[in-house]
Every structure is written in C-alpha cells, then in structure tokens.
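Please find below my comments on the model under review. They are set out as numbered points, to be read with the sequence and coordinates at hand.

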Amino acid sequence: MSDDYQLPIAPGHPGHPGRRRSHRRHLLQTLTPLYVLIRATGLASADGLCQVMCERTRDNGNGPGTNAMVVYLSPFEACIDAAWHALAPDRYEVMAASAFTPDELLIYQPERLPYCLHVAWGAHDGQLVVRRDGGLLRLSSAHSAVISPLIDAIHLRVELPVLECHERLWEQAGLFAHAESHARMVAASDAERHRQALQAIRRIPGTARPGQPVNQVALYDVESAQWHFVALKLFEGIIQEPRSGR
C-alpha cells in the first residue's frame, strides 16, 4: 500500500489478539448509521486478524497517527471499495461502526480519532479517477472524534448539513428514489451486496489516469445499474470539517 491509502491492522473480531492484550475497550457511538470496511489479513483464518479501511490525512506530520478511518453511510459503498480491490466475499466484512473496536488505531492517536465520511467517488469528464496507488479516488468529509480518558464511548458525529448535502447530490443526479434503494441494500444479504458491487465495477464507463483533475462527483444507482455524474461544485459544501468536530 502507498502512503495515500492505508489499512492498518486493527481489531474487528473478538478473536483478534489485540483484544486479548488490551484492557481497554473503546466503543464507537453514532446517531447516524455508519459502516466500516474490514478485510482479513493473510493469517486471518487462524487468529482473526483484520485491517480497517483508512485514508492518509495530509494536514499534520507523518507516521501511523495520520490514518483516518473511513466510515460509510451505506454498506453498499463499502462493498464497491472491496470489489474494486478484488476482495473475495470471505476476505472482507462490512460491519456497523458501532460494532467495531478501534483500540489499536488509538495506540498512535490517544487523544483524537480522525475519521473521514465517504460521500462519493471523484470523476473526470465521465470517468472515475484512479489514484496512483490503484484505488478509486474518494470524496470525503474529514472529522475528528475526541477521546476521553474517563469514557470508553467515542462519538462519531455527522452534522445535519453534511447529510443534507449528500442527499442533494443524489437528487441533482436525478436519483430521487435513492432512499428506497439505500434501504434495500441495507436489508440485502452480504452475498447480494457483493454481487451488486461487482456489477457496479463492471459498469464503470471508464477510468481517468492518476493526476487528472476531479471535476465531477460519481454516484452509482443500483436500480438502473448505471453510474451518474454531477458537477464537483455541489460537493464544496461538505468537504470542510464541521466546527463542532474539531
């Protein structure tokens, strides 16, 4: 993995040895349902080791502490990430953020937990932009959760304006039934979501080489099995971290 796309080892299952080593068990709490993508490592079958999808932030120094955990509003968006990286269904899991324990991430960042809310994919003239490390370029909203030495709960907050702007992106793409499609994907089986994610990857109209400027937001509609593109300027209202999260 490059410095721009990190998946640091972190506990995602009760069998992870980190859970046995640590006396601390932090819990993530959210008012909005959020999801994380974890994948098994090469040795996972025996000991439950896994990795959580993270982004490398660029606003402070170097080191493991700059990894921001990726959270998704939809489990299907996480499945698209997994499908793009050619993860087999038995090598990854999309789980509710509230079920994930981020203790090993906190070894490097004991006071604040950086996380980014995945909103959509970046595109250039109707083609999805591919990063230099091979991943799809994501558009996300940066946040930081305060970690208390006295309270185990870590609150991941998504401000109402962020959610409203997210919905406006879908409406601008003409996808007014997005809420119904989202509900169906939440209720779908893991196998069905994986199948739909593979179809989304096959339906990508093209990819732009790394370095191409992002001028569009790419959204995938499960119902029509089509990618839709809207102007990047509509995303401007949600790329800044809300003040309450700083």
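1. Helix α5 supplies the largest share of the lining of the second largest pocket, namely 5 residues. The structure is a predicted model, and the comments that follow should be read accordingly. The volume of this pocket comes to about 320 Å³. Of its 20 lining residues, Leu73, Ser74, His166, His178 and His182 are the closest to the centre.

2. Which elements give two or more residues to the lining of this pocket? They are α3 (75–84), β7, α4 (160–172), α5 (178–187) and β12. By residue class, the lining consists of 10 nonpolar, 7 polar and 3 charged residues.

3. Histidine 182 deserves a separate comment. This residue is placed in helix α5 and is among those closest to the centre of the second largest pocket. Is histidine 182 buried, partly exposed or exposed? Its relative accessibility is 24%, and histidine 182 therefore counts as partly exposed, given that the buried class requires a value under 20%.

4. The surroundings of histidine 182 bring together separate stretches of the chain. Apart from neighbours within four places in sequence, histidine 182 is in contact with Leu73, Ser74 and Pro75. Between the C-alpha atoms of histidine 182 and serine 74 the separation is 7.0 Å, although these residues lie 108 residues apart along the chain. Leu73 and Ser74 are also listed among the residues closest to the pocket centre.

5. Strand β12, another contributor to the pocket lining, spans residues 216–221. Why may this strand be described as largely enclosed by the rest of the structure? The reason is that 6 of its 6 residues are buried. Gln216, Ala218 and Tyr220 point one way from the strand, whereas Val217, Leu219 and Asp221 point the other way. Burial thus applies to both sets, Asp221 and Gln216 included, because 6 of the 6 residues of β12 are buried.

6. Strand β7 (residues 112–124) runs antiparallel to β12 and is joined to it by 3 bridges. With strand β13 (residues 226–231), β12 pairs in the antiparallel sense over 6 bridges.

7. The hairpin of β12 and β13 has 4 residues between the strands. In this hairpin, alanine 225 takes a positive phi near 55 degrees.

8. How many aromatic pairs are counted in the model? The count comes to 2. One is formed by phenylalanine 76 and tyrosine 220, whose ring centres lie 6.1 Å apart with 35 degrees between the planes, a tilted arrangement. This pair links distant parts of the chain, with phenylalanine 76 in helix α3 and tyrosine 220 in strand β12, 144 residues apart. Both phenylalanine 76 and tyrosine 220 are buried.

9. Tyrosine 220 also pairs with tryptophan 227. Their ring centres are 5.2 Å apart and their planes lie at 55 degrees, so this pair is tilted; a value over 60 degrees would be needed for edge-to-face. Tyrosine 220 counts as buried because its relative accessibility is 2%, and tryptophan 227 likewise counts as buried, at 7%. Phe76, Tyr220 and Trp227 form one aromatic cluster.

Terms used:
Residues are numbered from 1 along each chain as its sequence is written. This is a predicted model: local features need pLDDT of at least 70, side-chain atom pairs count only at pLDDT 80 or more; totals for chains, interfaces and linings use all residues. Side-chain values use heavy atoms; hydrogens and water are left out. Buried means under 20% relative accessible area, exposed over 50%, partly exposed in between (1.4 Å probe, protein chains only). Two strands pair if DSSP finds at least two bridges between them. On a 1 Å grid over the protein atoms alone, a cavity is a set of points where a 1.4 Å probe fits but cannot get out, and a pocket is an open set with protein on both sides within 12 Å along at least five of seven lines; lining residues have an atom within 4 Å of a point. Grid points are joined across faces, edges and corners, and a volume is the space filled by probe spheres set on the points. Ala, Val, Leu, Ile, Met, Phe, Trp, Tyr, Cys and Pro count as nonpolar, Asp, Glu, Lys and Arg as charged, and the others, Gly among them, as polar. Contact means heavy atoms within 4.5 Å. Rings of Phe, Tyr and Trp (its six-membered ring) pair if their centres lie within 6.5 Å; planes under 30 degrees apart count as stacked, over 60 as edge-to-face and the rest as tilted.
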